Structure formats: structure tokens, C-alpha cells
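Good morning, and thank you for coming. I would ask you to look at the structure on the screen while I take you through its parts in turn.

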Amino acid sequence: INNKKMNLTNFDREKIDNSDDKIFYKQPRYVHHLSESFRNRLTNLYSQHLCNHHVILDLMSSWVSHLPTNSKYKKVIGHGMNESELSANNRLDSYWVQNLNLVQNIPIEDSSIDIGLIVAGWQYLQYPEKISLELSRIIKFNSLLIISFTNRAFWTKAPNIWTNSSEDARINYVKNVLSSNGW
């Protein structure tokens with residue numbers, strides 16, 4: 001494990017809109033947050049790395065999971081902020097609603113997940129180092145965590161560490177958080 005710690009300041013964690021995220025996510029948004037070409041590339045990536053025997057965690061999910069339509073997995077567990085969106089996602093076998101900026105503990109058993117996915121969600125985490133640690137607890141050793149994002153976001157709900165960074169700095173930020181937690 002890399003012992004270099006990722007130290008975010010209070011300013012790094014602040015957002016333009018500090019109101020409760022539950023209010024922002026109360027209304028479902030049945031829109032695609034990613035371009036069609038990005039969604040297609042993501043689905044192709046998943047088809048290369050996800051297998052039928054996998055238990056998959058789709059963290060920070062919504063009404064779509066971008067999983068290959070011709071594949072069935074052992075189990076797909078979803079997490080998100082809007083009950084209606086999650087219930088509309090026909091790829092999820094189960095799901096729960098939780099604000100990860102308020103409670104970082106993930107209610108999943110140790111080493112029970114084969115592959116973790118975060119699509120267009122990392123940019124909203126105010127405590128990514130705690131989430132990274134939780135993911136390392138629940139995802140099996142030597143497994144994958146696939147994090148994907150674009151230059152799109154709900155900018156008022158993204159922390160300053162994200163909004164004030166260049167695209168290259170965002171990639172380095174994600175890498176630094178993960179590597180400081182043993183990924």
C-alpha cells in the first residue's frame with residue numbers, strides 16, 4: 001500500500017451549492033449525462049472486463065448502467081440518490097439510496113464485490129478518500145474498479161477540487177486518491 005496520504009482541504013471539499021444533495025436529486029432526471037459515443041465506448045470496455053460470474057457494484061448509478069445488453073451477471077447492485085431512477089434501471093438486481101457526502105460507510109460485506117463501477121459520479125464526492133477505502137474493503141483483492149467521467153457535470157454540486165482543476169489535474173486527482181488508498 002502506498003502510504004502517501006491525499007489531504008483535501010475544507011475549501012477543496014466545498015461546493016457552490018452546499019444545500020442538501022437530497023433536494024437536488026429529488027426529481028428524477030431521465031437524460032443521458034454522457035454522449036452516445038462515450039456511452040458506446042464505456043459499454044465496449046465493460047464487455048472486455050466484466051464476466052457472467054461477477055457480482056458488480058454500480059455506485060452512483062441512475063436509470064441506466066451502460067452494461068452490455070447481451071450479458072447477464074451473477075448480480076448487479078446499484079446505489080444512487082434517486083429512488084425513481086434506480087427502480088427504472090432494469091439492469092439492477094438490488095439497489096439502495098444513500099448520500100455518500102453525508103455517510104461514507106457502504107452497506108456491503110467485505111470482499112463481496114468482483115467489479116466496482118462509478119460512471120459520472122466521482123466528481124461529486126466530497127470525501128473520495130473515505131469512499132476509496134470503503135471500495136477497497138468491499139471489492140475483492142486484485143479486482144477492478146472502473147471510474148469514468150467526462151468534462152460534463154452539475155458544476156454547482158461538484159466540489160472545488162473538481163471545478164477548479166484542469167482535465168489532466170482531475171485525472172491525477174482521482175489517481176492520487178486511489179493510490180493513497182492502496183489501489
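**The largest pocket**

The largest pocket holds about 610 Å³ of space. A word on terms: on a 1 Å grid over the protein atoms alone, a pocket is an open set of points where a 1.4 Å probe fits, with protein on both sides within 12 Å along at least five of seven lines, and lining residues have an atom within 4 Å of a point. The volume is the space filled by probe spheres set on the points, which are joined across faces, edges and corners.

Please keep in mind that this is a predicted model, in which local features need pLDDT of at least 70 and side-chain atom pairs count only at pLDDT 80 or more, while totals for chains, interfaces and linings use all residues. Residues are numbered from 1 along each chain as its sequence is written, and side-chain values use heavy atoms, with hydrogens and water left out.

Although Met 60 is not a glycine, its phi is positive, at about 65 degrees. Met 60 counts as buried because its relative accessibility is 19%; buried means under 20% relative accessible area, exposed over 50%, and partly exposed in between, with a 1.4 Å probe and protein chains only.

Asn 142, in strand 5, also has a positive phi of about 65 degrees without being a glycine. Is Asn 142 buried or exposed? At 70% relative accessibility, Asn 142 counts as exposed.

**Aromatic residues**

Phe 24, Tyr 25, Tyr 124 and Phe 154 form one aromatic cluster. The whole structure has seven aromatic pairs. Rings of Phe, Tyr and Trp (its six-membered ring) pair if their centres lie within 6.5 Å; planes under 30 degrees apart count as stacked, over 60 as edge-to-face and the rest as tilted. The ring centres of Trp 162 and Tyr 173 are 6.1 Å apart and their planes stand at 65 degrees, so this pair is edge-to-face. Because Trp 162 lies in helix 6 and Tyr 173 in helix 7, the pair ties together parts that are 11 residues apart in sequence. Both Trp 162 and Tyr 173 are buried.

**The nonpolar core**

In soluble globular proteins, nonpolar side chains tend to be buried together. A nonpolar core is a set of buried Ala, Val, Leu, Ile, Met, Phe, Trp, Tyr and Cys residues joined through side-chain atoms within 4.5 Å. The largest one here has 30 residues, and Leu 57, Leu 59, Trp 122 and Leu 135 have the most contacts inside it. Helix 7 gives the most to this core, with four residues.

Leu 57 touches residues including Ile 77, Trp 96, Leu 135 and Ile 138, not counting those up to four places away in sequence; contact means heavy atoms within 4.5 Å. The buried residues of helix 5 include Leu 135 and Ile 138.

Notes:
Helix = DSSP H or I, 4+ residues; strand = E, 2+ residues; numbered from the N terminus.
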